[in-house]
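Subject: Structure handover

Hello,

Please find the structure below. My notes on what was found in it follow.

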Amino acid sequence: RNAEESGRAIEQAFSAHPEMQSLTQRDKSYAKLLVATVERRRGQIDIVLGKLMTSPPKGKGAAVVEAVLRLGVCQLLFLETPSFAAVSSSVELTRAYTPP
């Protein structure tokens, strides 16, 4: 998929998600940057995760955990997010979107 198609897909997904409407413009912009960077750098991110994990996530929340791990690695390696913030947001997302 090319960058223009990815950008449109991200914009449509964000527009359709009700929680996005409550974010500030700054937070929306950061979220879009984060998703676009994960999309663009997914191969590199998956290589890093593959070297760090002994096995992929399993169970009901595996897809969410995998997505959150990609977001966290992206923040740390490509967006220069402070480590405490990247880890904190990753833990919060995992808790919010995985079954207990």
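A pocket, as used here, is found on a 1 Å grid over the protein atoms alone: it is an open set of points where a 1.4 Å probe fits, with protein on both sides within 12 Å along at least five of seven lines, and its lining residues have an atom within 4 Å of a point. Grid points are joined across faces, edges and corners, and a volume is the space filled by probe spheres set on the points.

Two remarks on the source come before the findings. This is a predicted model, in which local features need pLDDT of at least 70 and side-chain atom pairs count only at pLDDT 80 or more, while totals for chains, interfaces and linings use all residues. Residues are numbered from 1 along each chain as its sequence is written, and side-chain values use heavy atoms, with hydrogens and water left out.

The largest pocket

The volume of the largest pocket is about 1,200 Å³. It is lined by 32 residues, of which Ala31, Leu34, Val35, Leu71 and Leu93 are the closest to its centre. The elements giving two or more residues to this lining are α1 (3–16), α2 (25–52), α3 (62–77) and α4 (83–97). Helices here are DSSP runs (H or I, at least four residues), numbered from the N terminus. The largest share of the lining, eight residues, is supplied by α2. Sorted by class, the lining has 19 nonpolar, seven polar and six charged residues; Ala, Val, Leu, Ile, Met, Phe, Trp, Tyr, Cys and Pro count as nonpolar, Asp, Glu, Lys and Arg as charged, and the others, Gly among them, as polar.

How α2 meets α3

The axes of α2 and α3 are 8 Å apart, and the two pack at an angle of about 95 degrees. That makes α2 roughly perpendicular to α3, a label that covers angles of 65 to 115 degrees. The axes are lines fitted to C-alpha atoms, for helices over the stretch in contact, and the angles run from 0 to 180 degrees between N-to-C directions. On the α2 side the contact is made by Tyr30, Leu34, Thr37, Val38, Arg42, Ile45, Asp46, Val48 and Leu49, and on the α3 side by Leu69, Arg70, Leu71, Val73, Cys74, Gln75 and Leu77. Contact means heavy atoms within 4.5 Å. By class, the contact of α2 with α3 has 11 nonpolar, two polar and three charged residues.

From the α1–α2 loop into α2

Methionine 20 sits in the loop between α1 and α2. With a relative accessible area of 12%, methionine 20 is buried, where buried means under 20%, exposed over 50% and partly exposed in between (1.4 Å probe, protein chains only). Not counting residues up to four places away in sequence, methionine 20 touches Phe14, Lys28 and Ala31. Its C-alpha atom is separated by 9.3 Å from that of alanine 31, 11 residues apart along the chain.

Lysine 28 belongs to helix α2. Lysine 28 also counts as buried, at 19% relative accessibility. Leaving aside neighbours within four places in sequence, lysine 28 is in contact with Phe14, Met20, Gln21 and Leu23.

Further along α2 is alanine 36, which is partly exposed with a relative accessible area of 27%.

The α3–α4 loop and α4

Most residues other than glycine have a negative phi. Glutamate 80, by contrast, has a positive phi, near 55 degrees. Glutamate 80 lies in the loop between α3 and α4 and is exposed, with a relative accessible area of 72%.

Alanine 86 is in helix α4 and is buried, with a relative accessible area of 1%. Apart from neighbours within four places in sequence, alanine 86 is in contact with Gly72, Gln75, Leu76 and Thr81.

Serine 88 is likewise in helix α4, but is partly exposed, with a relative accessible area of 34%. Serine 88 and glycine 72 are 16 residues apart in sequence, and their C-alpha atoms are 9.3 Å apart in space.

Regards

Methods. Parallel < 35°, antiparallel > 145°, perpendicular 65-115°, else oblique.
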